[in-house]
Amino acid sequence: MFDVYKIRKDFPVLMQNINGKPNIYLDSAASAQKPDCVIDKMCRVYKTTYANVHRGVYALADEITAEYEDARQTVQKFINAASAKEIVFTRNATESINLVAATWALDNLHGNDEILLSEAEHHANLIPWQIVAQKTGCTLKIFKIGDDGSYLPEEFTKNLNERTKLVAITGMSNVLGTIFPVKDITTAAHQVGAKVLIDACQLAVHQPIDVQDIDCDFLAFSGHKTYGPTGIGVLYGKFAILQNLPPYQTGGDMVEKVTYQKTTYAEPPARFEAGTPAIVEAIGLGEALKYMLNLGWKNITSHERELIRYTLQKTAEIKGFTHIGTAQNKGGVFAFRVGNIHPQDLAYVLGKEGVAVRIGHHCAEPLVNRMGYTSLARASLGFYNTKEDIDAFVAAVKKALAFF
Amino acid sequence: MENIEDLIENFSMLEDWEDKYQYLIELGEKLPPLEEKYKTDAWKVSGCQSQVWLIPEYKDGLLSFKGDSDAIMVKGIISIVLAIYGNKSAQEIKKIEVEKIFAKLGLGEHLSPSRRNGMMSMVDKIRFYAQNLEK
């Protein structure tokens with residue numbers, strides 16, 4: 001039984017008051033809060049089993065290496081990868097995408113090639129490809145989304161051709177909440193011989209992911225959004241592709257044999273984890289994903305679906321409340337404007353009421369501009385949010401309305 | 001232009017944040033809008049969460065500023081900043097401890113160097129103009 005009020009007690013930050021009021025945290029799309037089990041686990045590792053990984057032959061080194069690799073297996077299970085060797089630990093999704101850009105893309109793309117992205121991409125899934133286009137001379141193509149933020153299959157297909165070598169697409173927009181049909185997109189892309197990278201930062205928080213079913217070539221997500229620590233991210237890559245990639249950074253732990261003149265590199269994933277990795281963060285991430293899996297995807301998605309329904313119902317009662325991004329298939333991310341109130345003015349009042357929303361361009365400036373704005377407010381849900389949170393949010397917006 | 005001593009006195013009479021915000025909004029509404037021709041990227045202060053424009057004016061050895069924003073409370077904050085920095089020499093601008101004044105107004109959270117919410121970049125720009133004037 002999924003009891004959100006019980007679950008909330010696992011999140012110490014949510015139990016705090018803000019300005020003497022309950023903490024109404026609606027900014028999980030930026031970063032999610034962490035459950036006690038993650039915090040405790042990391043603390044326990046530092047206090048009991050800490051050492052470097054992959055190097056020592058003493059008890060602590062064995063133990064921590066086992067825990068680090070166990071976390072990799074948890075990630076494997078979380079996205080149903082075929083092998084734990086396909087899971088590379090990075091700093092975050094941004095680094096994961098940059099890794100693919102700097103290795104696979106620079107090695108494989110040339111002047112006549114095209115990279116295809118949607119209008120809804122986060123800067124992290126746009127700028128690395130701009131750099132690749134500058135360096136290789138390939139073309140960056142952006143396919144249109146609907147004015148309501150929906151995915152338009154005909155726009156995607158129109159721009160996909162035999163020159164397309166990579167489709168890099170978000171699984172779920174961090175601004176509009178639109179969920180993209182990544183499996184269909186991957187199938188179509190593969191038909192023209194293009195590789196597919198999925199930015200799953202938001203998707204991984206809200207829906208189960210099966211990389212074997214999707215058949216994507218790369219997939220990236222950040223630990224801090226999936227209720228895990230900061231400083232740890234994941235790059236999934238098909239092993240056959242990873243195996244042929246050059247290293248991203250070089251140094252310790254990523255080598256097979258080194259002489260003063262020449263080095264042969266270790267097999268993936270070690271090849272891409274140069275230097276001492278974020279050991280404790282990786283273990284913390286494993287714990288966070290286990291926590292999610294224990295809650296169960298059915299429970300998470302049905303709770304969030306009901307919250308989305310409730311949010312749409314309640315916000316419809318607010319005069320002048322406009323949702324930006326109203327696609328049919330939408331997750332718990334709500335970009336909005338209220339009348340002519342500037343999002344910053346709105347956020348000042350909401351902040352005083354203990355309501356945390358994000359404002360601005362949400363690291364997707366071209367998208368916010370394309371929707372007709374320079375700034376948007378955004379409320380986003382985690383599985384720990386309640387109808388009471390939504391009520392408090394609605395009350396705070398109504399209070400703000402009285403100000404302006 | 002508002003007088004900063006008056007502003008400090010007026011703010012000191014407002015106890016809760018609702019009243020302070022209401023007053024900020026009033027100040028924002030009173031701030032004369034900038035001519036549209038100045039609302040360009042060249043005059044934009046980067047790093048703010050709303051659009052902020054700032055124009056320096058130099059007369060008889062003293063600097064003054066005009067400013068505007070698309071957010072009303074930010075306009076209120078601009079109005080205070082302009083009052084603080086209006087008709088000052090570059091030397092005077094350098095000595096102003098703007099964070100202390102905002103703390104006195106009870107608006108410390110809106111202007112502090114440790115927050116990257118943008119208001120401070122406006123002050124940085126003012127200091128930049130003053131510094132360049134000295135050279």
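The structure is a predicted model, and every value below was computed from it.

**Chain A as a whole**

Chain A contains 15 helices and 17 strands, and its C-alpha atoms fill a box of roughly 70 × 55 × 35 Å when the box is taken along the principal axes. A compact globule of 404 residues would have a radius of gyration near 22 Å, and because chain A has 22 Å, the chain agrees with that expectation. Of the 404 residues in chain A, 50% are buried.

**Two domains in chain A**

Chain A is divided into domain 1, which is made of residues 4-30 and 296-403, and domain 2, which covers residues 40-293. The centres of these two domains of chain A, taken over C-alpha atoms, are separated by 28 Å. Where the domains meet, 25 residues of domain 1 of chain A are in contact with 22 residues of domain 2 of chain A. On the side of domain 1 that touches domain 2, the elements of chain A that give two or more residues are α12 (297-315), β14 (333-338), α14 (365-370) and β17 (376-380). The element that gives the most to this side of domain 1 is α12(A), with four residues.

| Chain B, touching chain A | seven residues | four residues | one residue |

**A four-stranded sheet in chain A**

In chain A, four strands form an open sheet in the order β13-β14-β17-β16, and their pairing is antiparallel. The strands β13 (321-324) and β16 (358-360) of chain A stand at the edges, and each has a single partner strand, so one side of each is left without a neighbour in the sheet. From one strand to the next, the twist averages 35°. The strands β14(A) and β17(A) pair in the antiparallel sense over four bridges, and F334(A) stands opposite A379(A), a residue in β17(A). Helix α13 of chain A, residues 343-352, packs on the sheet and touches β14, β16 and β17 of chain A, while the direction of this helix makes about 45° with that of β17(A).

**The contact between the chains**

The contact between the two chains takes 12 residues from chain B and 12 residues from chain A. On the chain B side, α2 (17-30) and α3 (72-85) of chain B each supply at least two residues, and α2(B) gives the most to that side, with four residues.

**P56 in chain B**

Within chain B, P56(B) is found in strand β1, which runs over residues 52-59. P56(B) has 18 C-beta neighbours inside 10 Å, and therefore counts as partly exposed. Leaving aside residues up to four places away in sequence, P56(B) touches L63(B), F65(B) and Y129(B). P56(B) and K125(B) are 69 residues apart in sequence, and their C-alpha atoms are 9.7 Å apart in space.

How values were computed:
Residues are numbered from 1 along each chain as its sequence is written. Chains are lettered from A and ligands numbered from 1 in the order in which they are written. This is a predicted model: local features need pLDDT of at least 70, side-chain atom pairs count only at pLDDT 80 or more; totals for chains, interfaces and linings use all residues. Two residues are in contact if their C-beta atoms, placed from the backbone, lie within 7 Å. Ala, Val, Leu, Ile, Met, Phe, Trp, Tyr, Cys and Pro count as nonpolar, Asp, Glu, Lys and Arg as charged, and the others, Gly among them, as polar. Domain bounds come from an automatic or database domain assignment. The radius of gyration is taken over C-alpha atoms; the globule rule is 2.2 Å times the number of residues to the power 0.38. A residue is buried if 20 or more other C-beta atoms lie within 10 Å of its own, exposed if 12 or fewer, and partly exposed in between; C-beta atoms are placed from the backbone. Two strands pair if DSSP finds at least two bridges between them. Axes are lines fitted to C-alpha atoms, for helices over the stretch in contact, and angles run from 0 to 180 degrees between N-to-C directions.
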